[in-house]
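Please read it alongside the sequence and the coordinates.

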Amino acid sequence: PDVLRISAEFAWEKQEQGIVCSEIVEGSCQINALPGAMTLAEDVQRHQRELSIAFSDVFIDAGTGLSAVALAMGMLDLGMDCRLHITLMADTEAVFWAKADEFDQWYASIFQRIAPDWRSRVHLHKPQFAASYGSVNAQVIASVRKYAREGLFTDPIYSAKHLATTEHIVRTTHLAMQNVLIIHSGGAQALPGFAHRFHTDR
């Protein structure tokens, strides 16, 4: 119950010692989290270099939208020429773009320059099914099971919907012939909370 007080005191102590320290509270949708979230673009660039390929399209899901927008900003800062597809898990397009304006202001405040014009490279998508945030239906459970059989553990709130949406887009468009990167943002830790939905699975 005292985690916020303890973390704030720790950050203050480090700052008193001359150590740069930022406190990022649970949820992480705050200005201090933006630079760290942007480093995902460096990981994507490294994968391209290690695989000796260039990704034409990158897919990521979005809750608050911070990680997705930070990835778009980071890719442009690194000069990466690829499209970014974002599966909107919680927000409408209007809410996403409103938040994006705020993230651009955070970028300008941190880096003392105008945020790169990343919007033209972004494509927004609603989940293929169970589009309402937190909605879990039979299609979601079937997708979790399907991906688990393929060796990918997903959660019913984010990653199962994101992967299914991405798979549909890739299979039904020209992207099937491209080098595509699909980012699995985690979330499998949520599976125990849905154990009752899987206990009859054989």
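Two strands are taken to pair if DSSP finds at least two bridges between them, and the bridge partners named below are to be read in that sense. The model is a predicted one, and its secondary structure comes to 7 helices and 4 strands.

**Overall layout**

- Read along the sequence, the elements of the chain follow the pattern α-α-α-β-α-β-α-β-α-α-β.
- The C-alpha trace spans about 55 × 45 × 35 Å along its principal axes, and of the 202 residues of the chain, 39% count as buried.

**Strand pairing around β2**

- Strand β2, which covers residues 83–88, is mostly covered, with 5 of its 6 residues buried.
- Strand β1 (residues 57–62) runs parallel to β2 and is joined to it by 6 bridges; within this pairing, V58 has L84 of β2 as its bridge partner.
- Strand β3 (residues 122–125) also pairs with β2 in the parallel sense, here over 4 bridges, and T87 has its bridge partner in β3, namely H125.

**Crossovers between the strands**

- A right-handed β-α-β unit is made by β1, helix α4 (residues 66–77) and β2.
- From β2 the chain crosses through helix α5, which spans residues 93–111, to reach β3, and this β-α-β crossover is right-handed.

**Nonpolar core**

- The largest nonpolar core has 34 residues, and those with the most contacts inside it are V58, L71, M73, L84 and I86.
- At least two residues of this core are supplied by each of α2 (34–38), α3 (40–51), β1, α4, β2, α5 and β3, while α4 gives the most to it, with 8 residues.

- V3, L4 and V25 make a nonpolar surface patch of about 270 Å², and V3 lies in helix α1, which comprises residues 3–16.

Note on methods
Residues are numbered from 1 along each chain as its sequence is written. This is a predicted model: local features need pLDDT of at least 70, side-chain atom pairs count only at pLDDT 80 or more; totals for chains, interfaces and linings use all residues. Side-chain values use heavy atoms; hydrogens and water are left out. Patches are made of residues with over 30% relative accessible area and no salt bridge: like charges are joined within 9 Å, nonpolar side chains (Val, Leu, Ile, Met, Phe, Trp, Tyr) within 5 Å. Accessible areas come from the Shrake-Rupley method with a 1.4 Å probe; for residues, only the protein chains shown count as cover. A salt bridge is a side-chain nitrogen of Lys or Arg within 4 Å of a carboxyl oxygen of Asp or Glu. Buried means under 20% relative accessible area, exposed over 50%, partly exposed in between (1.4 Å probe, protein chains only). A crossover is right-handed if, with the strands pointing away from the viewer, the path from the first strand over the helix to the second runs clockwise. A nonpolar core is a set of buried Ala, Val, Leu, Ile, Met, Phe, Trp, Tyr and Cys residues joined through side-chain atoms within 4.5 Å.
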